[in-house]
Amino acid sequence: MSSNAATAPALYRPESEVLLASTFGSQPIWKARLEERGLTVRLPGEDVSKVELGIVFNHPLGVLDDVPGLKAVQSLGAGVDFMMEDPGLRGRGVPLLRIVDPLMAERMATFCVWATMNYQRKCDDYFRAQMESRWDKSVENYKNVDNHEVRVGVMGLGLMGGRVARTLAGLGYEVSGWKRLPPSSGESSDDLAGVRVYHGEEEFLTFASNAQVVINLLPLTTETHGILNARLFNAMPRGGAVMNLARGAHLVANDLLEALASGQLEHAVLDVFVKEPLPPTCPFWLHPKVRVFPHMSSVTDIPNGVEQIIRNRELVLKGAPLPLGVVAEPGRGY
């Protein structure tokens, strides 16, 4: 038993069970940690008569349809698009909850700093030279590109995107951001000081034309599905880079391959895909201008996530208010 479990307070209503359904390889670890905290964890196909909370990530659609006492559904991460795509859940009217972990935003920002610098300093080209035992000081044309010379555009300025934009701006990059909607009444942009913010469809191509590097951290909705496409790529400065770290369905894969082949784009970093694991036949694996990652740019810290799930479960069962930002809004799609 972990030290956290040993010192944790007694579980509220231990007779209330949870159903865990995830296609991620970490499911056995989540199950063990939740059980350490005293929960009875059911898996798909088991008795769900006492289940009141579903805990899911990229779950099989309909897996919660036969849970009669369902009171809420909890994501194992910050994303909730897979819940919105489950018609059985949309009709239940139960709260859809996400993990809110500031350290996930920090992890994402760190990854984006690396990805931007990797493109900026042509590190992949240096690595290829190393693999050929080739001492090549001409890779950067004998000139280092400084941070202030690189224009980075961040799509999506929520917890993740806002942290990424602020971090890059703090390092001297020229940073802009794009949001689908204008600021709501009372919404402050003070936390994005130094970041130029564009809004809506009417400013989308202007945003793209000013970004050598585009980092996508948008939520996946019907409006953002396929938003990384030829229209965006062709509006960007020639030789730019695209980094998709949100959801695979944001990207039109053939449009990206064509943009890379034509030289309109020179680099892509892909951490998310429509089908995961990425099939071995996918051309992205061996593409010289693409870096493939297995959906790991910012993963949920499991001990922290377990504690949030325990807290959210208790509040749901008590009928108490949940913390700000935890409950997804189906009307917005995230």
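**Cores and aromatic pairs of a predicted model**

Setting aside neighbours within four places in sequence, Ile215 is in contact (heavy atoms within 4.5 Å) with Cys112, Thr116, Val152, Gly153, Val154, Met155, Val164, Leu168, Met243 and Leu245. The model is predicted, so local features need pLDDT of at least 70 and side-chain atom pairs count only at pLDDT 80 or more, whereas totals for chains, interfaces and linings use all residues. Residues are numbered from 1 along each chain as its sequence is written, and side-chain values use heavy atoms, with hydrogens and water left out.

Ile215 also belongs to the largest nonpolar core, which has 66 residues; Val73, Val164 and Ile215 touch the most other members. A nonpolar core is a set of buried Ala, Val, Leu, Ile, Met, Phe, Trp, Tyr and Cys residues joined through side-chain atoms within 4.5 Å. Buried denotes a relative accessible area under 20%, exposed over 50%, and partly exposed the range in between (1.4 Å probe, protein chains only). Helix 5 supplies the largest share of this core, nine residues; helices (H or I, at least four residues) and strands (E, at least two) are DSSP runs numbered from the N terminus. Another core, of 27 residues, lies apart from the largest one and includes Phe233, Leu256, Leu278 and Phe284.

The aromatic residues come next. The structure holds seven aromatic pairs. Rings of Phe, Tyr and Trp (its six-membered ring) pair if their centres lie within 6.5 Å; planes under 30 degrees apart count as stacked, over 60 as edge-to-face and the rest as tilted. Trp114 and Phe293 form an edge-to-face pair, 5.5 Å centre to centre with 80° between the planes. Because Trp114 lies in helix 5 (residues 102-120) and Phe293 in the loop between strand 12 (290-292) and helix 11 (302-318), this pair ties together parts that are 179 residues apart in sequence. Trp114 is partly exposed, at 32% relative accessible area, while Phe293 counts as buried at 15%.

Tyr198 and Phe207 form another edge-to-face pair, with 6.1 Å between centres and 65° between planes. Tyr198 is buried at 5% relative accessibility, and Phe207 is buried at 0%. Elsewhere, ring pairs link Phe24, Phe57 and Phe82 into a cluster.

A ring also takes part in a contact with a charge: the charged end of Lys318 sits over the ring of Tyr12, 5.0 Å from its centre. The criterion is NZ of Lys or CZ of Arg within 6 Å of the ring centre and within 35 degrees of the ring normal.

Finally, Pro9 lies in the loop between helix 1 (3-7) and strand 1 (17-22). Pro9 is exposed, with a relative accessible area of 64%. Pro9 and Arg37 are 28 residues apart in sequence and 9.1 Å apart in space, C-alpha to C-alpha.
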